[in-house]
Amino acid sequence: LEENMKYLIPFILFISSTVFAANKTQLNTVNYVNVEKYLGTWHEIARLPVFFQLNCFNATATYDLIDEETLKVTNRCETKVFGKKKVAVGKAELVDTVTNSKLMVSFDSWFSRAFPEQAKGDYWILELADNYSYVVVGAPSRKFLWILSRSPKMDPEFVRELKAKYKKLGFPTHKMKSYRK
């Protein structure tokens, strides 16, 4: 029985992940992102909890152009540990150069140096205001979702509407929190 279990458990996990993946609605990105307009600083309004932003609040992401297909990403936040500031620098590579709405992001860390392919993450621009005042960024896995704004504040009712919309697309938005102080 023990010998069979070591094959049965991975098989069950594979089948269940396949079934759950099949139930997800297709995730679409915006039709086009003007990279020049996207550059600059975005304030995090809400996010799904992620280990790499543990204890972070008042987070911002700043994008600068490196070349035609690469952006420099500088994430900053305050931590709950004596107001200490935390900075992570990485890069975002355009995966879809027709729409510029799908990027692959990686940050410089020991993990990314040891496991470069595993340290990359999908960064899909799912919704973007015409005037580039807010953006919703997520991943097809539905494990990541951020609502970002050019301003540190956003209309709470509009944020609730965005959460409701992305809940219908399979994101666990009930777990989203605002980490602004």
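View 1. Of the 181 residues, 38% count as buried (under 20% relative accessible area, 1.4 Å probe, protein chains only). This is a predicted model: local features need pLDDT of at least 70, side-chain atom pairs count only at pLDDT 80 or more, and totals for chains, interfaces and linings use all residues. Residues are numbered from 1 along each chain as its sequence is written, and side-chain values use heavy atoms, with hydrogens and water left out.

**View 2. Helices and strands of the protein chain**. The chain has 4 helices and 8 strands (DSSP runs, numbered from the N terminus: helices H or I, at least four residues; strands E, at least two). Their order along the sequence is α-α-β-β-β-β-β-α-β-β-β-α.

**View 3. The largest nonpolar core**. Such a core is a set of buried Ala, Val, Leu, Ile, Met, Phe, Trp, Tyr and Cys residues joined through side-chain atoms within 4.5 Å. Elements giving two or more residues include α2 (35-38), β2 (56-67) and β7 (134-138). β6 gives the most, with 3 residues.

**View 4. Surroundings of I125**. Neighbours within four places in sequence are left aside. I125 is then in contact (heavy atoms within 4.5 Å) with T29, V30, V33, Y38, N100, S101, L103, V135 and V136.

**View 5. A second, separate core**. This core has 17 residues, among them L27, L48, V159 and Y166.

How values were computed. Buried < 20%, exposed > 50% of the residue type's maximum accessible area, 1.4 Å probe, protein only.
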